[in-house]
Amino acid sequence: MRFAIFGDIHANLHALEAVLADSRERKCSHYVCMGDIVGYNAHPCECVDIIRRLECPTIKGNHDEQASMLGEQDGFNALAGEAINWTRQRLSDGDKDWLRSLRMQRQVRDFTIVHATLDTPHKWGYIFNPLDAAASFSYQLTSLCFIGHTHSPRAYVKDRSVRVVPFDTVDLTPGRKYLFNVGSVGQPRDGDWRAAYVIYDTDTAKVTLHRVEYDIASAQKDILEAGLSKRLADRLATGH
Ligand code: ZN
């Protein structure tokens, strides 16, 4: 099996379509969505529609939660909050019901998926370093776990200690635990503007990071035409 594992799409339709096309070319047989389908960018309805039609395992991100909650959204900074209010006006009741129904974490075959952390998934904490990763590892029952949320791809391994390992291709070693941040499809923040996703090949026991170019000019134009903040368009080009 070849799993394409991707998340933090954030309503960036152009980036999502590019990632799905790339994963098809690379002969992926299964899809897994790590949440934050909406927020920030201009195509929340189209992105929700694509993920729903994939019928793949999908977990909830904090933007999915805020966009679909019954009360007023809160707790976001001004830029994110403005985009969420815009998103809430566009999503159908059916899409909101579906986003609200997503689980916080789940197991798929031999791996676990969660948007933020396994130690406190509802609090939306961030894993930025081995110390943060160690807290999540202590709740990780499978040898493999995939996360998102920081928008920066990273691979952590745990044997006697927890450390960061280079993340192009990681050969999985039995007896070790791994935590992979799959990066972001629609708003990368690691200084590389290209959409990020991961392929997990269960036959070769390899996890590889992929970066995909997409039509960023069209994504930016759509943000501006939608009346969303110019800062949201500008940041796509810098990858921050
Ligand atoms: Zn996100």
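This briefing walks through a zinc site, a helix pair and several individual residues in the structure above.

The model is predicted, so local features need pLDDT of at least 70 and side-chain atom pairs count only at pLDDT 80 or more, while totals for chains, interfaces and linings use all residues. Residues are numbered from 1 along each chain as its sequence is written, and side-chain values use heavy atoms, with hydrogens and water left out. The zinc ion is held by D8, H10, D36 and H151, and helices α7 and α8 pack at an angle of about 170 degrees.

**The zinc site**

- Four residues coordinate the zinc ion at 2.0 to 2.4 Å: D8 and D36 through OD, and H10 and H151 through NE2.
- Donors here are N, O and S atoms within 2.8 Å of the metal (3.2 Å for Na, K and Ca); water is not among the atoms, so sites may look incomplete.
- The angles among the four donor atoms run from 86 to 176 degrees, and the site is classed as irregular.
- For that label, four donors count as tetrahedral if all angles lie between 85 and 135 degrees; four count as square planar and six as octahedral if opposite donors are over 155 degrees apart and all others between 65 and 115; anything else is irregular.
- Along the chain, the zinc donors are spaced as D-x1-H-x25-D-x114-H.
- H10 sits in the loop between β1 (2-6) and α1 (13-25), and H151 in the loop between β5 (144-147) and β6 (154-158), so this pair ties together parts that are 141 residues apart in sequence.
- The element names come from DSSP runs numbered from the N terminus: helices are H or I with at least four residues, and strands are E with at least two.
- H10 is buried at 0% relative accessibility, and H151 is buried too, with a relative accessible area of 1%.
- Buried means under 20% relative accessible area, exposed over 50%, and partly exposed in between (1.4 Å probe, protein chains only).

**The α7 and α8 pair**

- Helix α7 (residues 216-225) packs with helix α8 (residues 230-238) at about 170 degrees, and their axes are 8 Å apart.
- That angle makes the two helices, α7 and α8, roughly antiparallel.
- Angles under 35 degrees count as roughly parallel, over 145 as roughly antiparallel, 65 to 115 as roughly perpendicular and the rest as oblique; axes are lines fitted to C-alpha atoms, for helices over the stretch in contact, and angles run from 0 to 180 degrees between N-to-C directions.
- On the α7 side, the contact is made by I216, A219, Q220, I223 and L224, and on the α8 side by K230, L232, A233, D234, L236 and A237.
- Contact means heavy atoms within 4.5 Å.
- By class, this α7 contact with α8 has eight nonpolar, one polar and two charged residues.
- In these classes, Ala, Val, Leu, Ile, Met, Phe, Trp, Tyr, Cys and Pro count as nonpolar, Asp, Glu, Lys and Arg as charged, and the others, Gly among them, as polar.

- A11 has a positive phi near 60 degrees and is not a glycine; A11 lies in the loop between β1 and α1 and is buried at 0% relative accessibility.
- R109 is another non-glycine residue with a positive phi, about 50 degrees; R109 is in the loop between β3 (105-108) and β4 (111-114) and is partly exposed at 48% relative accessibility.

**Buried residues and their contacts**

*Neighbours up to four places away in sequence are left out of the contacts below*.

- L16 belongs to helix α1 and is buried at 0%; L16 touches F6, I9, C47, I50, I51 and V185.
- V48 lies in helix α2 (residues 44-54) and is buried at 0%; V48 touches I37, V38, L91, D95, W98 and L99.
- G61 is in the loop between α2 and α3 (62-68) and is buried at 0%; G61 is in contact with G35, H115, W124 and the zinc ligand D36.
- A116 is in the loop between β4 and α6 (130-137) and is buried at 2%; A116 is in contact with W124, G125, I127, I147 and H149.
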